[in-house]
Amino acid sequence: MERYKVTGMSCAACSAKVEKAALSVEGVTSCSVNLLTGDMITEGTASPNAVIKALENAGYGATRKDAPKGRHSSDETKSEALMQLRRLVYSAVLLIPLMYISMGHGMLGLPLPRFLTDSYVNFGLSQLLLSAAVMIINQKFFISGAKGIKNFSPNMDTLVSIGSGASFIYSTCLLFLTALAEKRGESAIAAHYVHGLYFESAAMILTLITVGKLLESRAKGKTTSALKALMSLAPETAFVIRDSAEVEVQITEVKVGDVFVVRPGGRFPVDGVIISGRCVVDESSLTGESIPVDKTEGDSVSTSSINMSGIVRCRATRVGEDTSLSQIIRMVSDASASKAPIARLADKVSAVFVPAVMGIALLTFGIWMALGENVATAFSRAISVLVISCPCALGLATPVAIMVGSGVGAKCGILFKTAASLETAGRLDTVVLDKTGTVTEGRPTVCGVIPWGSTTESELLSLAYSLEISSEHPLAKAIVSEGKRRDLTTQSVTDFKAFPGNGLEGVLGGEKCAGGKVDFLTSYAVVPKEMLKVAEKLADEGKTPLHFAKGGRYIGLVAVADTVKPDSTSAVGELKRMGLRVVMLTGDNERTASAIAKSAGIDEVIAGVLPDGKAMVICELKKSGRVAMVGDGINDAPALVSADIGIAIGAGVDIAVDSADSVLVKSRLCDLTAAIKLGRATLRNIKENLFWAFIYNVIGIPLAAGAFSSLLGVEMSPMLASAAMSLSSFCVVSNALRLNRVKLYPKTLSANNENSEKNNIIIKETKTMTKTVKIEGMMCPHCEAHMKKALEALDGVISAVTSHTDKCAVITSEVEIADEVIRAAVEGAGYTYVG
């Protein structure tokens, strides 16, 4: 895939010509041109030089676009808008006296200098000079229009330049006739000719079109605001270790393997791995998680994340275009540059639009002349047809909606790789969900501790924790995590043995202990019938019961399960309310799958299917409508590729999932419903834009041609036609901007998920506050855990991140925690509160 920046395009006819020129190059298999951003993407084996040469031969400029350069693009946009504003100001300064002379005196009887009223030639000549000056200021339209004719690809500028130029030439001829009549002393004839001048129309057309272009540019700037916000996240410099010294260098100078330093408050310049130090990182700019994350040696960090506390040294692993932020920017940019299937009709119309309009204008002139109308009226109507026609609105209808839609998605952590995937999301009939990691958390957790006899819950879990800490089994890790969460202490275990697929045993306090499946445990103790019934009930609920015995005595069971995500049930309910068929597809057994599906509210389950078989199931479901497959992008790859749209969920900052068409950065199913709502809203917006673009031309062209003049008595002058044209594109772009207001989440989630204009991809309006406290006396990780537990016990505290190396604690709370309360907690735990 090659990316290019194309210059010289002014309307849909231009983009169609550029696409045709690129496809004519041998080796180019596909091409997509975005009129909004001036981007072009090609695929195939053709060399970039050949593509650039083909575009130059077609009359356009092109350069390779190696990487998204946010600030550079932003500067170009501002520069273009500034040039348009200057042209508008200069044109308006000249247009005001021109309108005063031509309209103010003739229609309103406003006074003029005597040398203008004494001679019709002077009266007309003053208008000629003023309008000529306006045309010189706006020569861009004539240069572009001439190039279009020269390369047999007339565009919007061709229509504008012909309309304005024809008015000027026609008026100049009338002025010449005026001079001849005045010289012969035929004042009545000279007056007749002067009243037929169109110099003010020639200037007004150009000025009003410039107004429209300026409004359009400003509206376009708003459509790319999300992309610009992403681009502004990356810092411009980094502190790198060179020759044992810390040196500040430009971000482009950082290489893979370089060691860089990040202090509290600083952003990570590139992706890397921490090699020394500990810190608390705010990753909301990429993942949207408002709670800071603890990072220590060996943990990865991502570009644009903020270091909230602690100095760390990191080794760069991905730089430049390979960083997670650059990948996200590229994905959003590529989606905006690609073409949605719904745009095909507009492309076909745009390709022949300008020549057709030129033909209609000539036909209009000929018909009115044949009907006996005077030359001035026929000419005026032909000019109005040229000016009112707007191929821009057709060309912008789809790309502006795609740009805004993909930008809104990026703010919410919903990334679409192509415009087609965004459109497909809006046309879905069936949503297929993988179980593990999509509907469920994707990792087992302890969901029940049931002791037996005189054994307490704490004693049972402590024994299980002590046994399982030596095991590598995923279920063992769940028990270990629960033990750590409850701050339990482990006891020394000897003669440890693991029996894969069954259980484990060991000696604890001089007594033989064992844990595992019920069949395995029966050789160590008698399992009560009551506990067998409990275990069977847990199994029916999709949970795995692990039985434990000590000294030949049964002491209870611990239930472990891959639990349903907190938002899965509500998300599934929302999908159903949206009229979608929801299916859970999993390789797990029927019993477990049905239990999970029941918990999540899913009615249709297809279980026991291997990865290759999932693709076949998807193909079968596609017979009844468009299908989305939602999975983790790894073992679901065949199904993701087979679906109409593959959606990878929970990819985090690693968004380069080749098999997926869309990526949900966070591991939340509610983002899936948001993605589908966004697809539907974008598709609806595109249809509205296309309807407006078509209906505008369908009504506007006959109106300008005078088709309704006899029936309704409605006339449209070239000036009114140019005003209508200038507003048409602005209306299309403004309509697309309404996508920024679309509600993607239920009200209960809106506080955490609605868009913001800040530099975060995901918006978090959670009312939390962070306070960093200096503490003396912590000597080891155990001290950290003790201090953490004391602080998190305070009312209103969400989390506390402690560090004995930095001698501080970062407290995140829902309410303001008084310093005296924190001091009491610190000193109560046996440490010294510094401040």
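This is a predicted model: local features need pLDDT of at least 70, side-chain atom pairs count only at pLDDT 80 or more; totals for chains, interfaces and linings use all residues.
The structure holds five cavities of 30 Å³ or more, where a cavity is a set of points, on a 1 Å grid over the protein atoms alone, at which a 1.4 Å probe fits but cannot get out. Grid points are joined across faces, edges and corners, and a volume is the space filled by probe spheres set on the points. The residues lining the largest cavity, meaning those with an atom within 4 Å of a point, include Arg 278, Cys 279, Asp 294, Lys 295, Ser 803 and Cys 808. Two or more lining residues come from each of strand 9 (279-282), strand 10 (293-295), strand 28 (797-803) and strand 29 (808-813); helices (H or I, at least four residues) and strands (E, at least two) are DSSP runs, numbered from the N terminus. Strand 28 gives the most to this lining, with three residues.

Ser 803 belongs to strand 28 and is buried, at a relative accessible area of 7%; buried means under 20% relative accessible area, exposed over 50%, and partly exposed in between, with a 1.4 Å probe and protein chains only. Not counting residues up to four places away in sequence, Ser 803 touches Arg 278, Met 778, Glu 784 and Cys 808, contact being heavy atoms within 4.5 Å.

Let me turn to strand pairing, which requires that DSSP finds at least two bridges between two strands. Strand 8 (residues 271-276) runs antiparallel to strand 13 (residues 312-318), joined by five bridges, with Ser 276 opposite Arg 313. Strand 8 also pairs with strand 11 (residues 300-301), in the antiparallel sense and over two bridges, and here Gly 272 stands opposite Val 301. Further along, strand 17 (residues 493-499) and strand 18 (residues 503-508) form an antiparallel pair over five bridges, in which Thr 494 faces Val 507. Their hairpin has three residues between the strands, and in it Gly 501 takes a positive phi near 85°.

Now to helix 20 (residues 529-540), whose 12 residues reach 17 Å from the first C-alpha to the last, close to the 16 Å expected at 1.5 Å a residue, that expectation being 1.5 Å times one less than the number of residues. Which residues of helix 20 are buried? They are Met 531, Ala 535, Leu 538 and Ala 539, and they lie on the same side of helix 20 because they cover an arc of only 100° around the axis, taken from the directions from the helix axis to the C-beta atoms. These buried residues pack against strand 16 (445-451), strand 20 (544-550), strand 21 (553-561) and helix 22 (590-600), whereas the face turned away carries the exposed Lys 529, Lys 533, Glu 536 and Lys 537. After helix 20 comes Gly 542, with a positive phi near 85°.

I finish with Leu 621, in helix 23 (residues 611-621), which counts as buried at 8% relative accessibility. Beyond its neighbours within four places in sequence, Leu 621 contacts Val 432, Arg 581 and Val 627. The C-alpha atoms of Leu 621 and Asp 429 are separated by 9.9 Å, with the two residues 192 apart along the chain.

Key:
Residues are numbered from 1 along each chain as its sequence is written. Side-chain values use heavy atoms; hydrogens and water are left out. On a 1 Å grid over the protein atoms alone, a cavity is a set of points where a 1.4 Å probe fits but cannot get out, and a pocket is an open set with protein on both sides within 12 Å along at least five of seven lines; lining residues have an atom within 4 Å of a point.
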